[in-house]
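Have the view open as you read.

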Amino acid sequence: MKKIRLTFVRMGWLFSMAVPLWAMSGTVKDIPVTTSSKEAMQYVRQGLALMDQGDGQKAKNLFTKAIGKDPKLAIAYILRSNTADSPKEFADNLKMAKDHLTGASDWERMYYDFYATYLTSDWNQRLDIAKKIAAKFPEAARPQVDLGYTYLDGNDVTQARDAFQKAVKLNPGWTGGYYALFRTYLFNDPKDFKMAEQNATKVTMLAPSSPGAEIALGDCYRAENDLMKAKDAYSKAISLDPTMAEAYYKRGHANTFLGNYDEAKQDYRDGGKHDDNMTMSNQFVGLTYLYSGDYQGALKWFSDLASKADASGDSPDKIRIAKMNYYETYANIALHYNDADRLKEAISWMEPVSMQIGSDVGTREAALNQKGNILYWQSLLEALQGNYDLAKGKAEEIKTTLEPIQDPTKLMNYEFAMGYIHMREQHYAEAVQDFEKSNLNNIYNKYWLAKAYERSDRKSMANNLFDEIATYNFNDNGYALIRSEVKEKLAMSR
């Protein structure tokens, strides 16, 4: 539905099997690890390798061990921020890194500045820093991957792919460039699933014992609608590392789309046993209710989870993130099923939690993003209730609130809200224009764009999108709400 404007990101996929090469050649070809502790350096290298394999949990443990051996190792704090489970944890790690930048290399100091832009939501500065790192270290592949992902943050897919291709040319024996290409061909328009599979296969060739590589290949098979082949790939990933939570979650997705809901729930629960907390496990189990058509059961599930979150034993900041996940899923369900009372209830739950999350980060921009998030939901609620002028007023407040944010994609939620308002008003041509400017990497947004095309007599464009949506096969609350409906719609039209 919306582009979630987080004040932190897990960027584990930016890092891949780092082995510092500068000492041998005199040329910096990968990120240095400035430490006198050989053990700390080894832990960082191992953590980077695991990050590349998609195992942020184990990588986090290794970065923590590195810090134990060298508490002043700034790069370890920076990298550990990638594995953060909450905005506060992300911000706290960066603060520790900042306190220990003395003596760090240019690259490490620039990396701190790069990451800090997520605290201030300053994409323009992030892009500038990414370009400077790439220019300062022209023979290194990693800065090109960082630059490519920064372009993706700004929705520039063409330049992102060019940067990823350059990374491959600079270091064809490194998995990072191929993995980045796999992701963008899989998830960013224009998609090319065969190209995604080709690059994922290259990752498996370079890292044959990596469960993360098998997961990448399974994701490609899912995109190609070969769910049994995807399930086999995820099972292989589990055999390679039976303690990797993500592998169970991914097999659960394959089982969900195959209609094996009991097996899916077991996979999700098994994944939770190996995760740092149960939030993702709980979330995915709850979505099986939606896929099986029981939205009332889903509402109860997420309401109950939120009410029990305080007793989970997690830290307060992680509990807030769990609650927001549950509340926003509850709100999505209520909106989709036109339940204004429950949507209003969800917003009342979300608002104080959202504001505290912004406060946890401690920057003005984080607080503004959270305020914009609540205004977004309030705008949708007013539209659902038929109060279109009030809805538009709340939407305009989003624009005003986010005006200081330096991010070219900051108004994607505003565009979706305006599209939804125009759909409710039956102004379908205007709705098309709005939805086309929203985050179309989000499948739920594409669903609404397809509906707007359909209502404005652009049937062929609508059907093309509905065909794409029907076999999307990637699990989130938006897709859980629409998958069965779209499949039934296409079956009836043929």
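Tyr 447 has a relative accessible area of 3%, so this residue is buried (buried means under 20% relative accessible area, exposed over 50%, and partly exposed in between, with a 1.4 Å probe and protein chains only). Tyr 444 is buried too, at 1% relative accessibility. Both tyrosines sit in helix H24 (residues 443–455), three residues apart, which is about one turn of the helix. Helices here are DSSP runs of H or I with at least four residues, strands are E runs of at least two, and both are numbered from the N terminus.

A quick word on where this comes from: the model is predicted, so local features need pLDDT of at least 70 and side-chain atom pairs count only at pLDDT 80 or more, while totals for chains, interfaces and linings use all residues. Residues are numbered from 1 along each chain as its sequence is written, and side-chain values use heavy atoms, leaving out hydrogens and water.

Back to the rings. How many aromatic pairs does a search of the whole structure find? The count is 29. Rings of Phe, Tyr and Trp (its six-membered ring) pair if their centres lie within 6.5 Å; planes under 30 degrees apart count as stacked, over 60 as edge-to-face, and the rest as tilted. Two stacked pairs are set out below.

| Pair | Distance between ring centres | Angle between planes |
|---|---|---|
| Trp 107 and Phe 137 | 4.8 Å | 25° |
| Tyr 444 and Tyr 447 | 5.6 Å | 25° |

Trp 107 belongs to helix H6 (residues 106–120), and Phe 137 to the loop between helix H7 (123–136) and helix H8 (142–153), so their pairing ties together parts that are 30 residues apart in sequence. Trp 107 is buried, at a relative accessible area of 0%, and Phe 137 counts as buried at 9%.

Some rings have a charge over them (NZ of Lys or CZ of Arg within 6 Å of the ring centre and within 35 degrees of the ring normal). Arg 126 puts its charged end over the ring of Tyr 118, 3.7 Å from the centre. Lys 265 lies over the face of Tyr 289, 4.7 Å from the ring centre.

Of its 15 lining residues, Met 278, Asn 282, Leu 305, Ser 312 and Tyr 326 are the closest to its centre. Helix H16 (279–291), helix H17 (295–308) and helix H18 (316–336) each give two or more residues to that lining, with H17 giving the largest share, four residues.

A pocket is an open set of points on a 1 Å grid over the protein atoms alone, where a 1.4 Å probe fits, with protein on both sides within 12 Å along at least five of seven lines; lining residues have an atom within 4 Å of a point.

Finally, the whole chain. The C-alpha trace spans about 65 × 45 × 45 Å along its principal axes. Buried residues make up 59% of the 494 residues.
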